[in-house]
Amino acid sequence: MTSQPGLRAAADTLAPNDLGAWWMPFTPNRSFKARPRLIAGAKDMHYFTPDGRAILDGSAGLWCCNAGHNRDPIVAAIQRQAAELDFSPAFQFGTPQAFTLASRIAQLAPGDLDHVFFVNSGSEAVDTALKIALAYWNVTGQGQRTRLIGRERGYHGVGFGGISVGGIVNNRKFFGSLLAGVDHLPHTYNRAEQAFTKGEPEWGGHLAEDLERIIALHDASTIAAVIVEPMAGSTGVLPPPKGYLQKLRQICDRHGILLIFDEVITGFGRLGFPFAAERYGVVPDMITFAKGVNSGTVPMGGVIVRKPIYDAFMKGPEWGIELFHGYTYSAHPLACAAALAALDLYREEGLFERVRKLEGPWADAVMTGLKGLPNVVDIRTLGLVAAIDLASKPGAVGARAYEAMERAFHEAGLMIRITGDTIALSPPFIVSEDQIGEIVEKTARVLKAVG
Ligand SMILES: Cc1ncc(COP(=O)(O)O)c(C=O)c1O
């Protein structure tokens, strides 16, 4: 009990169930607080409301709880770690777990992507990767390479670096002039050419060639890096057209430009492989990750870099810091313990392979169950992901999907993710075929109600 009377008095005046104080992120606060969607517990494929109602998780939380919820080995690892070592600095000191985890992640990554820099979120991972790219050119004598190339509709988190290379208008337009010297590739979506495609669309690979136009405009000698999500996720799920990522790699190679894959969503199994880089046979120079690394249990992210990038920094006096960057909670012991347990679980239960096996039945179930329902104008599927585009209500973009999400939670007992008028589905990898059916059936019910 506190001995400070002021604090005690303040605590005594807190009203029960007061939703006022928390300014919720990426949430319409007034609407939520009028009709809250409260979550109090979780296990495996379900969330539970405070009054015990089960909510089937159709979105793996926020694309992160890949192994399902409150899995015993991960819970036990976090509990053990909390009792053993709460925190230790990652500046100038290190834990055995952090080194082991870095090695395990490097083993999962393709090619010579074999050094890992730990951070605490996807946004930090992206800003870290962009900073490493700029610093890399500095330490290798090409400090004039400062331009960063992102893509329209890209989502790279909410740091200033991430929103600068990102291409989601509302995430950018309120926040000033952002980073200078950034350009954007066109996004890869064309409904007329791609509607209702399962997997990678046939049309659109040529859009990578726009990078040549951007390079011609600025000159390669000024460009540090290109960053893309292999599958654009948060904008509403845009699978890469066939050949697109391979072309980006070729063009970057031709001009000596670094290629960064933002795998915050696609990393750790979402497309059936440890990283999408492997699915597409493309080795980028850096991979950013977060979310699935420990199945969403403790904040953690990171950047995996190729050996030549790491090596370029390892010079100068041995007592001197090589990269002036890091976070207090980089490689936090709880996050590392959770990640090691999650990676074990992914391997023991074959969960990435399970995604590969489920990809076909998942795509079939979603297409068959939802195509033709009211307002459904496109469906895209890839790995264990699906997006359903709804026709917007006149003058109210996003209102229809918001109503669908509310109804899914309150009436159907299903958690879905929405962005604009797109519903994104991305269940944990332990989803059964019956539960896939249940997700589709509940979504269909909601779409009919909204229609
Ligand atoms: C591709 C990508 N990059 C970065 C982020 C940002 O991650 P965080 O919300 O952990 O900062 C996200 C989040 O969804 C993402 O999908």
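**A walk around helix α14**

Let's start with helix α14, which covers residues 333-348: its 16 residues reach 23 Å from the first C-alpha to the last, close to the 22 Å expected at 1.5 Å a residue. (The expected span is 1.5 Å times one less than the number of residues.) Helices here are DSSP runs of H or I with at least four residues, strands are runs of E with at least two, and both are numbered from the N terminus. Keep in mind that this is a predicted model, where local features need pLDDT of at least 70 and side-chain atom pairs count only at pLDDT 80 or more, while totals for chains, interfaces and linings use all residues. Residue numbers run from 1 along each chain as its sequence is written.

Is α14 mostly covered or uncovered? It's mostly covered, with 13 of its 16 residues buried. Buried means that 20 or more other C-beta atoms, placed from the backbone, lie within 10 Å of a residue's own; 12 or fewer is exposed, and in between is partly exposed. After the helix comes Gly350, with a positive phi near 60°.

Now for the neighbours. Two packed helices are described by the angle between their axes and the distance between the axes. Take helix α4 (residues 72-84): its axis comes within 8 Å of that of α14, and the two cross at roughly 155°. So α4 is roughly antiparallel to α14. (Axes are lines fitted to C-alpha atoms over the stretch in contact, with angles from 0 to 180 degrees between N-to-C directions; under 35 counts as roughly parallel, over 145 as roughly antiparallel, 65 to 115 as roughly perpendicular and the rest as oblique.) Among the residues that meet here are Ile74, Ala77 and Ile78 in α4, and Leu334, Ala338 and Leu345 in α14; contact means C-beta atoms, placed from the backbone, within 7 Å. By class, this contact has 13 nonpolar, one polar and two charged residues.

Helix α5 (residues 96-108) packs on α14 too, at about 40° with the axes 9 Å apart. That makes α5 oblique to α14. Residues in this contact include Leu101 and Arg104 from α5, along with Cys336 and Leu343 from α14.

Finally, hop over to Leu425, which sits in strand β15 (residues 422-425). Leu425 is buried, because 27 other C-beta atoms lie within 10 Å. Setting aside residues up to four places away in sequence, Leu425 touches Gly58, Ser59, Ala386, Ile416 and Ile439. Tyr280 is 145 residues from Leu425 in sequence, and their C-alpha atoms are 22 Å apart in space.

How values were computed: Contact = placed C-beta atoms within 7 Å. Nonpolar A, V, L, I, M, F, W, Y, C, P; charged D, E, K, R; others polar.
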